[in-house]
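Please examine the sequence and the structure shown below. The paragraphs that follow lead through part of it step by step.

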Amino acid sequence: MDKSALFKISYGMYVVTSKSKEKINGQIANTLFQITSEPATVAVSINKQNITHEYIEESGVFAVSVISE
């Protein structure tokens, strides 16, 4: 993770995506915050009933995009 990205986290809306094999899914989230800077760690709230949660558990990876407007 690029640590400069941590400075851009603020209150807002985010798209959290993950993948499982060839499938990609995403969901809107409004909670994302920095946990530590070393190592760079963030926390995000994910709806456990959404398939994105399932994909994150399966793959162990996710991406976050900031919705600017």
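**Strands and their surfaces**

Leaving aside residues up to four places away in sequence, Ile24 touches Ser18, Lys19 and Tyr55. The structure discussed here is a predicted model. Ile24 is found in strand S2, which spans residues 23–29. With a relative accessibility of 67%, Ile24 counts as exposed, because the term applies to values over 50%. Ile24 and Ile51 are separated by 27 residues in sequence, and their C-alpha atoms are 9.6 Å apart in space.

Two of the residues touched by Ile24, Ser18 and Lys19, belong to strand S1, which covers residues 13–20. In a regular strand, the side chains alternate between the two faces of the sheet. Along S1, Tyr14, Val16, Ser18 and Ser20 point to one face and are buried.

Strand S1 pairs with two strands. S1 and S2 run antiparallel and are joined by 7 bridges; in this pairing, Tyr14 stands opposite Ala29. The hairpin of S1 and S2 has 2 residues between the strands, and Lys21 takes a positive phi near 60° there. S1 also pairs in the antiparallel sense with strand S5, residues 63–67, over 5 bridges. Here Thr17 stands opposite Ala63.

Which residues form a nonpolar patch on the surface? Met13, Ile28 and Ile67 do so, with about 250 Å² of accessible area together. Ile28 counts as partly exposed, because its relative accessibility is 48%.

Technical notes: Residues are numbered from 1 along each chain as its sequence is written. This is a predicted model: local features need pLDDT of at least 70, side-chain atom pairs count only at pLDDT 80 or more; totals for chains, interfaces and linings use all residues. Side-chain values use heavy atoms; hydrogens and water are left out. Patches are made of residues with over 30% relative accessible area and no salt bridge: like charges are joined within 9 Å, nonpolar side chains (Val, Leu, Ile, Met, Phe, Trp, Tyr) within 5 Å. Accessible areas come from the Shrake-Rupley method with a 1.4 Å probe; for residues, only the protein chains shown count as cover. A salt bridge is a side-chain nitrogen of Lys or Arg within 4 Å of a carboxyl oxygen of Asp or Glu. Helices (H or I, at least four residues) and strands (E, at least two) are DSSP runs, numbered from the N terminus. Buried means under 20% relative accessible area, exposed over 50%, partly exposed in between (1.4 Å probe, protein chains only). Two strands pair if DSSP finds at least two bridges between them. Contact means heavy atoms within 4.5 Å.
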